[in-house]
Amino acid sequence: MIPATFEYVAPTSVDEALAALAESGDDAKVIAGGQSLLPVLKMRLNAPSVVIDLGRVDGLRGISVDGSDLVIGAMTTHHEIANSPLVREHAGVLADAVSQVADAQVRHRGTIGGSLAHADPAGDYGAPILALGASMVITGSGGSRTVAADDYFTDLFETAVGEGELLTSVRIPSHGGAGSAYEKFVRVAQQWAIVAVAATVRVADGHIAEAAIGLTNMGSTPLRARGVEEALRGRPVTADAVREAASRAAEGTNPPSDLNGSAEYRRHLATVLTARAVLKAAGG
Amino acid sequence: MTVVDDRPATEVGSPRRRKEDARLIVGRTRWTDNLTLPGMLHLAMVRSPYAHARITSVDADAARQAPNVVAVLTGEDVKDIQGGLPCAWPITPDQKAPTHPSIAVDRVAFAGEIVAVVIARSPGEARDAAELVDVEYDELPAALELKAAAADQTLAHPDLGTNTSAVWTFDSGAAGTGGDVEAAISAARDGGIVIEREYRQQRLIPAFMEPRSFVCDPTGEQLTIWSSTQVPHFVRIFTAAVLGIPESKIRVIAPDVGGGFGGKLQFTPEEVITVLAARHTGKPCKYTETRSESLVSAHHGRDQWQKLTLAATADGHVTGLKVELLADMGAYLGLVTPGVPILGAFMFNAIYTFPAYHFTCRNVFTNKTWTDAYRGAGRPEATYAIERLMDELAVEVGVDPLEIRERNWIRHEQFPFTSVCGLEYDSGNYEAATARAKELFGYDDLRAEQARRRASNDPVQLGIGVSTFTEMCGLAPSRVLGSLSYAAGGWEAASVRMLPTGKVEVVTGTSPHGQGHETAWSQIVADRLGVPFEDVEVLHGDTQVAHKGLDTYGSRSLVVGAEAVIRAADKVIEKARVVAAHLLEASVEDIDFANGSFTVRGTDSAQAMAEVVWAAFSAHNLPDGFEPNLDSEATFDPVSFSFPHGTHLCAMEVDTETGQTTMRKYVAVDDIGTIVNPLIVHGQVHGGIVQGVAQALWEEAVYDDAGTLVSGSLVDYTIPSSADTISLTVDQTTSPSTTNTLGTKGVGEAGAIASTPAVVNAIVDAVRHLGVNDIRMPCTPERVWTAIRGASGSGGPSTAAAASHLGAGAPNHDPDSGAATQGGAQ
Amino acid sequence: MTRITVTVDGTRYTDDVEPRTLLVQYLRDRLGKVGTVVGCDTGNCGACTVHLDGRSVKSCQLLAVQTDGHEVTTIEGLANGATLHPMQEAFRDCHALQCGFCTPGMIMQAVDLVTENPHPTEAEVREGLEGNLCRCTGYHNIVKAVQQGAGAMSGGQS
């Protein structure tokens, strides 16, 4: 319940934060909202010597539109994202997913940047970020670079954010006009997703013109269900057609087995939830 | 009449808002962990990560050198003074049990067992130093799975030579209380019905909201122990017995206690260690557990395999029931561990007129956290099994589950009724409770909807679950406890003190931790003495104030404890009557007492209680030889148990594509005798129901192959939240108990006992047409889905693996998981 | 040690704290605000819920140093002198507590919920309290109390 001792640094700019990170090396942990980090520290599953708090860094928080992109600062809270009219308009599936993160108190503190940097495959950001084709803006001492969602999650709890770098914002191409849905399956409300599916779908003339499907907790990283996306293209929006396409949802996945479900059960859930998400997104 | 304005005609029966809440809603509380004393030191425990291991060395040097560490105590340090933790209920004369040290000395028998304690100036420094204690272990094979343990495949305690602690049997034929079960089964095999089933009572964790906390102050004449316990009186006695301290030198205080549910009905290693640490350092010491420590080290509950054989006639009249239990004790015997399944022994026959009954229980050691009382203690297990089985019988006979129950239950005109176990049920009316429940539930409409969904092959099916239960409450008649070899009695004590200013202090030996005794006892005494509700103060939980008592558990407080309060109050009235007669210059026989006033029969002359109290206090004008004292005490020992009952009906929706279950409706109609405070009663029923539902749907203490508790945090031990539950319909029918003054029966455990089978019966009912006749608890979506799939022949049952979310990655496996579709009638 | 200045229940406090000190430990151990309690170590139970700058947070999921310069309200600062907050009144009136250990956090979360959504439906109340565990009440009366408290907070009939 009591973390091991550490040194606390509270930079007020990204440059200061990067400097602090450079100074303390890999013995440092960056704290954003802290909702995933604090339990780990309290259980002493991790004992960094330095904790760098981004809470006082200016300019990392906020939601705006830049050209055709929605831009969300890394320190923007789940609560702000879930309740943002801009997010609702341009990336509805993200608002749906984020409104289901943990509980209200956690959503008041937890941030998009913290969640994406922590990269728990059961977290609710990965699937919508993949389905929306978002990009992560990563800043290091040499400046910023942009990494596509498909390249961002590299392994269990690992991302493209390198040593000495910070995730500073997320850019999401506007999906205004597209249908979307987030289907999250849990045993108790507050839980991490057992499996969840994010779908964005464009329908034209009663047929699916384009669909993107992200899967939560179906492997060591969030995954795209590319087989389903391919199978959906050009298909009519009918329950049978969508279910048939969704039967490919578990292709290429490697889901965990744990207290909440076996890998086999998760594969099954992925197909059911994908069909439901796509039908809902397509207004079917 | 002198009844004051807006007071209810009687307090008993009125929905008084609770007195306790005034402090609880503003945070003006006294939880044990709130205490800070001068010079206080803090403890951190070093716990074994292994389920079974020999301790080869404990190196605490680094810890002793750590900043602000005052001492480190190991098993070696305290082995001669720590004694052994007690078991108060040896169920058989030849019961086997290992010594139960507070700090393990040379061997650990479950993961989480304490091997050392660090005493430091702050909790953080104590924890830091605890990380530095270097313990070397030689791992031993661990007995983990209950059936394998029962077969002695691996020994939990090699020195005992067996894992069987005791075998306890009740046979109605041998006891002369009923017929011979084997004869009934043989007869039923020829033209009747025999149903054999095996049910699993999964291991649960009480998970009271307040983690346990203990403070011991060794300064002053008496050693003072604050404990978040249900049983301060037990703690006092056992602290004396285990540590050899005179009982008169020990004061135990249970301040505000945040829930227990049986989980704080214990005398714990942590209590002993806190005392040892305080005596060792001469300073006040505090230990407050973390939630993760609580889940692994506070005792668990349930954990049984139940094998049942039920014999009936072809038209569904039960002719005999045979019960064979395996009960997992875990690694040690706690306060009442071995007796928990025995409390269920008399309840498998439930509300029914079974003519023959046989019960055997084998208590088995494993290398897991020890089990003990959890809400209902033995009775939920029994109720679950028989109520599941009655549904199976209904299916065999082809009638509605309520119909099969009616064919077998005790009709209301048969009360008082002596059960096949020889217990006398004093009152009840199962017909009335069931009729009311059906009405509130809309039973026929829901059955019609179920039929429609089945006909249309709706992916979401509907099931209706029935649970008609009874329980034995009011623990307990001391003679009965004696006959069951329990170490203590079952009486309760109370005193009533009349303060000169007219206020009344009620001292109760019960020890509430959420039940609302301060409010309920005030209502009872206000009626009895005719004083305002607000003028009654209820004192409890401090052995220097309430020196005598047997505490709170087993739905005993109102039935036994409040009866003692009533008797003490009545003694006050009898003493006061003498004073009143003297003041009114009348003979005692002519004095009536009502509504707080003594009157001379047939006249207008009266003396208020307050005037009599003042007269006794001033003692200026009392009858000759009258001791100037109205205060009185009473101890009540019940002569029999009470038998609350009820009918619970539950509707569950099952998504057959995912196995997800959703509660649609829940109706509970309970007969708990006379109700003192309907608000509190409803609260107890609501909370009990949800705990029982949680067993059916969500909760299980899961161990991996290495004996590590996988569901060791609230991330993985899934307690339901408001978002997982629904509003409940709760009502009562009333058949007053004939065994106490008010006619009360007890309500603390009712909901938890009744609801579990109601939920599982509903789920099975929803998918029975698909070929399912059982689903293992908790009925997780995967188990439901697997059962449906297994039954429809599209694949075998899957074996779920176990891994905690926090500790993801550890290879784990739960041999007990999976759904059962086997077992059938013949 | 890090120096922080925090306003808690209207009083400004300045203290040197170890960076590892959780907000809830600071409140309880340093300020004596023991009305706020700790029920778990994983952020699940919500018993430690307080308001940080007017929004509900779990005080075991924050470091005290993160609250430097901010304002915290605990259950002890909710009532206005002797006048209970309407949500406190509603909890008492509806018998929405038994042991009372979850109650401070539950009330603080309920107030936050109603501040954001003044007229919540039963479903919204149930979802809004999903981060607060209670083992006694089965939530039935808590849900009732929050709806009654919401009515009172908006000045309507409760």
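This report covers the domains, contacts, core and confidence of a predicted model.

## Confidence in chain B

Chain B has a mean pLDDT of 94, and 95% of its residues reach 70 or more. Over residues 794-801 of chain B, however, the pLDDT is below 50. The model gives this stretch 27 contacts beyond near neighbours in sequence.

Residues 807-826 of chain B also have a pLDDT under 50. For these residues the model has 52 contacts beyond four places in sequence.

## Domains of chain A

Chain A is assigned domain 1 (7-54), domain 2 (63-173) and domain 3 (179-281). Taken over C-alpha atoms, the centres of domain 1 of chain A and domain 3 of chain A are separated by 35 Å.

## Domains of chain B

In chain B, the assignment gives domain 2 as residues 39-375. Domain 1 of chain B is written as two segments, 21-28 and 491-636. Domain 3 of chain B is likewise written as two, 426-468 and 641-826.

The C-alpha centres of domain 2 of chain B and domain 3 of chain B lie 26 Å apart. Between these domains, 29 residues of domain 2 of chain B are in contact with 29 residues of domain 3 of chain B. On the side of domain 2 of chain B that touches domain 3 of chain B, the elements giving two or more residues are β8 (193-204) and α10 (291-297) of chain B. β8(B) gives the most to that side, with 10 residues. By residue type, this side of domain 2 of chain B has 13 nonpolar, 7 polar and 9 charged residues.

## Contact between the chains

The contact takes 21 residues from chain A and 31 residues from chain B. On the side of chain A that touches chain B, helix α12 (residues 263-281) of chain A gives the most, with 4 residues. The residues on this side of chain A divide into 13 nonpolar, 5 polar and 3 charged.

## The largest nonpolar core

The largest nonpolar core has 419 residues. Val278(A), Val118(B) and Ile763(B) touch the most other members of this core. Helix α18 (residues 557-584) of chain B gives the most to the core, with 15 residues.

Which residues does Ile763(B) touch, not counting those up to four places away in sequence? They are Gly463(B), Met652(B), Val654(B), Thr661(B), Ile775(B), Cys779(B) and Val784(B).

Methods: Residues numbered from 1 in each chain as written. Chains lettered and ligands numbered in written order. Predicted model: local features only at pLDDT ≥ 70, side-chain atom pairs only at ≥ 80, totals over all residues. Domains from an automatic or database assignment. Contact = placed C-beta atoms within 7 Å. Nonpolar A, V, L, I, M, F, W, Y, C, P; charged D, E, K, R; others polar. pLDDT = per-residue confidence, 0-100. Core = buried A, V, L, I, M, F, W, Y, C linked by C-beta atoms within 7 Å. Buried ≥ 20, exposed ≤ 12 C-beta atoms within 10 Å, placed from the backbone.
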